[in-house]
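This briefing goes through selected features of the structure shown below, grouped by topic for quick reference.

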Amino acid sequence: MIEYAWAIPLFPVISFLIILLFGSRMKEGGGYIAVGFVGLSMLLSLLTIRDVLAGGRYESEGIAWLGIEALRFGVLVDSLAAVMLFVVSFVGFLIVVYSLGYMHGDPGVQRYYAEISLFIASMLALVIANNLVFLFISWELVGLCSYLLIGYWYRKPSAASAAKKAFLVTRVGDIMLLAGILLLYANFGTLNMSELFELAPAAVPATLTLASLLLFGGAVGKSAQFPLHVWLPDAMEGPTTVSALIHAATMVKAGVYLVARTYPLFTPDSLMVVAWIGGITALLAATLAVVMTDLKRIIAYSTVSHLGFMTLALGAGGYAAGIFHLLNHSFFKALLFLSAGAVIHAVHSQDIRDMGGLWRRMPITGTAFFIGAWSLSGLPPWSGFWSKDEILASVYSYDKLLFAVAAIAALLSAVYISRLFFVVFTGREGEAVKHAHEAPRVMTVPLIILSAGALFSGFLTFAGFSEFVLNALPSELAEQLAHHESSSVVVLLSIVLAALGVGVTALFYYRPVLSAEQVRTTLRPLHSLLVHRYYLDHLYLFFANRVVRDTSTVVNAIDTYFIDGAVNGIGRVTARAGELLRRIHTGITQDYASWLLLGASILLIIARLTGGAA
Amino acid sequence: MMLANLIFIPLLGAVVSYLAERTGVVSARSVALATTLLTAVLSVVALLEFLGGADMFPEQSRVWISDFGITFTLGADAMSLSLVLLTALLYLVAVLASWNIGGNRGRYFGLLLTMEAGLMGVFLALDLFLFYVFWEIVLIPAFFLINGWGGERRSYAAMKVLIYTHLGSLFMFIGIIMMYLKAGSFSFFDISDALAGADAGFKSMVFLLLFIGFAFKIPLVPFHTWLPDAYTEAPTPVTILLAGLLSKMGAYGLLRLGVSLLPETFQNYAYAVAVLALISVFYAAFTALAQRDIKRLVAFSSVSHMGFLVLGIASFDFIGISGAIFQMVSHGLIVALLFFLTGMLVEKVGSREIPRLGGLITRAPFLGWVLVFASLASLGLPGLSGFVAELSILLGLFSTYPFLAYITVLSLPLTAGYYLWMLQRSTFGATSELVEGARSDVRWFEALPVLVLVLLITLLGVYPAPLMEMIGTTSREIVALIGGI
């Protein structure tokens with residue numbers, strides 16, 4: 001079926017069009033149509049993946065989109081694309097099903113399902129694009145859907161503002177990606193990725209470094225890496241399903257996927273930047289997740305942190321580890337978001353201080369969250385452990401300082417997620433919890449399926465996941481990246497750190513021997529720095545308001561008073577001159593005669609003064 | 001088919017609609033609609049003939065005023081035809097948008113159709129004197145339309161347009177006369193031959209005169225200040241035509257005269273032209289950010305996008321020039337949609353002031369969502385036509401002036417910024433008092449042009465290859481002038 005891969009994104013496009021045109025007359029605003037077509041898309045993806053597992057790789061010839069050869073848009077399916085196809089279509093399908101329960105009764109569901117369909121279509125197109133411009137187009141459409149879905153409840157000013165912020169911040173990354181694409185085109189004359197990979201080894205390293213860093217700039221925006229991560233926590237203004245689908249499982253992975261997809265273009269220099277940005281992101285976001293009190297924001301910062309881990313892995317040469325974590329993270333993070341959604345649905349609050357003791361009232365949701373949290377914490381034996389371990393191992397052999405950064409971030413992961421779990425599900429019942437009850441079946445079934453994924457996807461490592469993923473790279477590069485012996489020191493350290501994190505947190509929040517309040521008071525400056533998110537948002541706001549908007553005010557003033565003022569001034573002077581000249585033309589002969597005499601006299605005087613003959 | 005029909009039928013329609021309203025036999029607007037429909041059909045026929053391989057460059061030529069070497073020569077290549085089709089389409093939109101225009105309708109539609117004849121003439125003339133005559137024919141009705149049917153400051157705006165663009169035409173006219181004196185003929189082809197052997201200083205002089213003339217019309221900063229006033233004060237249908245078509249006259253002229261007749265000279269000045277265009281892009285984008293009136297915002301955004309177009313021309317690269325011609329069409333469609341919407345806003349809601357329109361989408365979903373669509377199209381969202389143009393222009397510019405291309409790219413978030421900020425304040429958020437009382441009914445003849453434009457913008461964005469390949473025939477010839485592919 002691999003040669004029909006081009007049809008995978010088309011199914012959700014069809015459901016987008018149907019829902020857009022006729023959704024208002026359908027049940028659930030066309031939700032069942034979305035489920036059906038996304039389901040078909042998933043089936044075709046699974047059949048395609050089966051062919052890839054059997055050793056297939058497929059690239060279609062494509063169509064000349066702009067009438068030139070360099071922009072021939074086709075489909076490329078290899079092992080890397082297969083992993084991503086699975087994540088997007090499978091997790092996407094589960095989330096659309098879950099939406100039937102979660103979005104039930106919302107007045108705008110038609111728009112919701114139309115936008116979700118378009119999102120899944122664009123995301124699938126992004127995954128199988130074989131041309132960078134094709135990828136870029138899908139990339140931007142994905143961003144558009146994210147914009148529309150974050151601002152889904154557009155009557156809320158905070159949602160409208162968050163949507164704009166997300167679009168503009170990622171756009172900063174996007175222009176770098178675009179610049180990278182232009183640079184590659186100017187140097188290689190093609191934008192087909194397979195052709196680029198063939199030409200790359202012969203290119204000037206400096207050019208490649210610049211081009212790959214520009215591409216990475218796009219990834220920094222989309223995958224919410226430092227310093228462009230600021231949009232993701234705000235994006236939580238959208239429905240929780242959107243957060244799960246777009247801002248945890250799929251879209252934010254697009255940046256990581258882009259780096260993996262264009263990996264042969266990266267040079268050691270640019271990979272070092274990638275690794276460091278990833279490491280910094282992982283650590284910074286983890287520290288923020290520790291102090292937040294909004295349920296969704298904690299998970300959002302956790303997402304940023306784990307995206308940092310993936311980026312770090314790719315930069316440090318842990319190609320397969322990074323992709324492995326991408327897969328595992330999609331399961332446990334979607335699971336965490338969807339169970340958080342069920343909690344929010346039940347308690348009508350997002351502040352974790354209102355919650356507590358939810359376990360008894362929502363056992364299925366609680367269990368699902370527990371599984372997700374365990375997996376994320378990095379404690380064995382569930383999925384998060386295996387990929388985190390591989391990442392730490394590759395970073396260990398890459399750079400010791402970066403390894404320390406990653407290890408602290410891993411410790412903090414265990415801290416914030418266990419804090420979240422203890423505060424929400426254990427302890428005394430909070431005010432908001434009193435009337436909570438378990439979510440409907442259409443929501444719990446996807447939770448159960450995702451739980452299975454979060455539990456078992458880690459074991460794929462024993463089924464040759466690394467070798468499978470490395471197939472996507474040119475063979476020399478793949479061989480280079482294949483050797484990563486896992487040292488027992490790293491494994492042990494990784495387990496000890498996670499256990500330490502969970503244990504210490506339990507002393508604060510499960511069996512409160514220690515007081516978090518006291519720590520906050522002692523470390524007030526640090527706490528204040530974290531609560532203000534390292535003041536990065538302030539810095540950007542300053543730039544937007546004081547630099548961009550003030551420039552705009554000044555330019556507008558120049559336009560109004562100086563340039564247009566000059567035009568009007570010239571107009572006035574001309575009119576005034578005309579007025580004066582008009583007065584001379586009185587129509588009285590005697591006046592004209594006087595002027596004539598005056599002129600003649602002046603001429604005579606000038607002639608005499610200059611010494612001419614008179 | 002005769003291309004001349006594309007000029008004479010609107011002219012005839014102008015006379016008939018003027019007389020119709022006076023005699024009261026039929027309404028002027030029906031005549032205008034019939035005329036524009038017929039013109040549109042004929043444009044499509046011309047396109048089909050061109051695609052069928054007919055050589056239309058030139059199509060016909062006859063002596064007009066033999067003593068001065070003036071001929072009536074018309075012809076069309078892919079660039080002309082793209083603009084002819086755009087003219088035909090936007091005139092249909094404009095006529096529908098004028099359906100309930102006040103005042104003397106006979107005079108109004110008469111002027112509107114006279115302007116169409118002039119526009120067709122500009123895009124088809126291959127005799128420079130004829131070109132100049134049509135150029136002026138466009139200007140006069142524009143003046144009377146703004147002056148007669150405009151907003152509060154209409155006489156100021158109309159006078160400003162008249163003086164400004166006449167000043168521009170004067171430069172252009174001197175340039176044309178200089179070329180005539182050299183060639184002894186106004187024919188495009190004779191002049192082309194004569195200029196090939198002319199000395200460089202002379203050609204520089206001519207080029208600069210022509211360029212200033214077109215810079216007024218496009219317009220490029222700092223020749224632009226007539227535009228915000230004109231676009232804002234003109235009635236909606238006229239604004240659609242001003243922004244969609246009249247600005248393209250400048251760009252068309254630059255390519256047809258400036259670049260095609262004086263390729264090497266243009267190449268010498270290309271970098272300077274590109275820098276000026278780049279200044280336009282940023283200057284207008286920053287100014288747009290400061291506007292409170294949506295119509296003024298779109299006006300400045302239009303200046304910014306025309307700067308983009310000139311960057312494509314200045315790249316002197318096959319894809320870049322194709323992108324510039326594509327941008328003529330794309331920008332024409334998008335800006336027409338945006339101005340059509342601002343007209344509807346005033347009619348249904350009663351204001352164009354961004355802060356007063358909060359929550360528009362809640363009360364008037366159709367209007368709100370189309371405004372979102374049009375803004376996204378204008379900011380260059382992939383999948384819509386504006387992106388295709390911008391991408392091609394950037395690809396072209398990058399291969400010629402990579403540094404300028406990097407800087408140009410920086411303007412993209414700025415454009416996204418002012419549109420999204422406008423949407424955030426005007427369309428989304430809590431509903432304002434004014435919007436609470438808005439009428440949300442949209443009648444079919446209001447929705448029809450909107451839907452047609454939306455469809456075309458999407459189609460050209462999703463699959464641009466057919467139009468791009470057609471345009472490619474023109475840009476290939478232009479690039480061949482300096483020995484490119």
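**A hairpin in chain B**

Strand 1 (residues 60-65) of chain B runs antiparallel to strand 2 (residues 70-74) of chain B, and 5 bridges join the two. This is a predicted model.

- Strand 1 and strand 2 of chain B form a hairpin, with 4 residues between them.
- In the turn of this hairpin, B:G69 has a positive phi of about 65 degrees.
- B:I65 has B:I70 of strand 2 of chain B as its bridge partner, while the bridge partner of B:V63 in that strand is B:T71.
- Strand 1 of chain B is hardly covered: of its 6 residues, the count that are buried is 0.

**Helix 6 and helix 7 of chain B**

- The axes of helix 6 (residues 154-183) of chain B and helix 7 (residues 188-196) of chain B come within 9 Å and cross at roughly 75 degrees.
- Because angles of 65 to 115 degrees count as roughly perpendicular, helix 6 of chain B is described as roughly perpendicular to helix 7 of chain B.
- Helix 6 of chain B contributes B:M179, B:K182 and B:A183 to the contact, and helix 7 of chain B contributes B:D190, B:I191, B:A194 and B:L195.
- By class, the residues of this contact are 5 nonpolar and 2 charged, with no polar residue.

**Contact between chain A and chain B**

- Chain B gives 41 residues to the contact, and chain A gives 38 residues.
- On the side of chain B that touches chain A, the elements that give two or more residues are helix 11 (263-289), helix 14 (360-363), helix 16 (385-400), helix 17 (402-409), helix 18 (411-426) and helix 21 (465-480) of chain B.
- Helix 18 of chain B supplies the largest share of that side, with 7 residues.
- The residues on the side of chain B that touches chain A comprise 29 nonpolar, 11 polar and 1 charged.

**Nonpolar core**

- The largest nonpolar core has 429 residues, and those with the most contacts inside it are A:I128, A:A334, A:L335 and B:V310.
- Helix 6 (residues 157-188) of chain A provides the largest share of this core, 20 residues.
- Apart from its neighbours within four places in sequence, A:A334 is in contact with A:V91, A:I95, A:A244, A:A248, A:A249 and A:L450.

Key:
Residues are numbered from 1 along each chain as its sequence is written. Chains are lettered from A and ligands numbered from 1 in the order in which they are written. This is a predicted model: local features need pLDDT of at least 70, side-chain atom pairs count only at pLDDT 80 or more; totals for chains, interfaces and linings use all residues. A nonpolar core is a set of buried Ala, Val, Leu, Ile, Met, Phe, Trp, Tyr and Cys residues joined through C-beta atoms within 7 Å. A residue is buried if 20 or more other C-beta atoms lie within 10 Å of its own, exposed if 12 or fewer, and partly exposed in between; C-beta atoms are placed from the backbone. Two residues are in contact if their C-beta atoms, placed from the backbone, lie within 7 Å. Ala, Val, Leu, Ile, Met, Phe, Trp, Tyr, Cys and Pro count as nonpolar, Asp, Glu, Lys and Arg as charged, and the others, Gly among them, as polar. Axes are lines fitted to C-alpha atoms, for helices over the stretch in contact, and angles run from 0 to 180 degrees between N-to-C directions. Angles under 35 degrees count as roughly parallel, over 145 as roughly antiparallel, 65 to 115 as roughly perpendicular and the rest as oblique. Two strands pair if DSSP finds at least two bridges between them.
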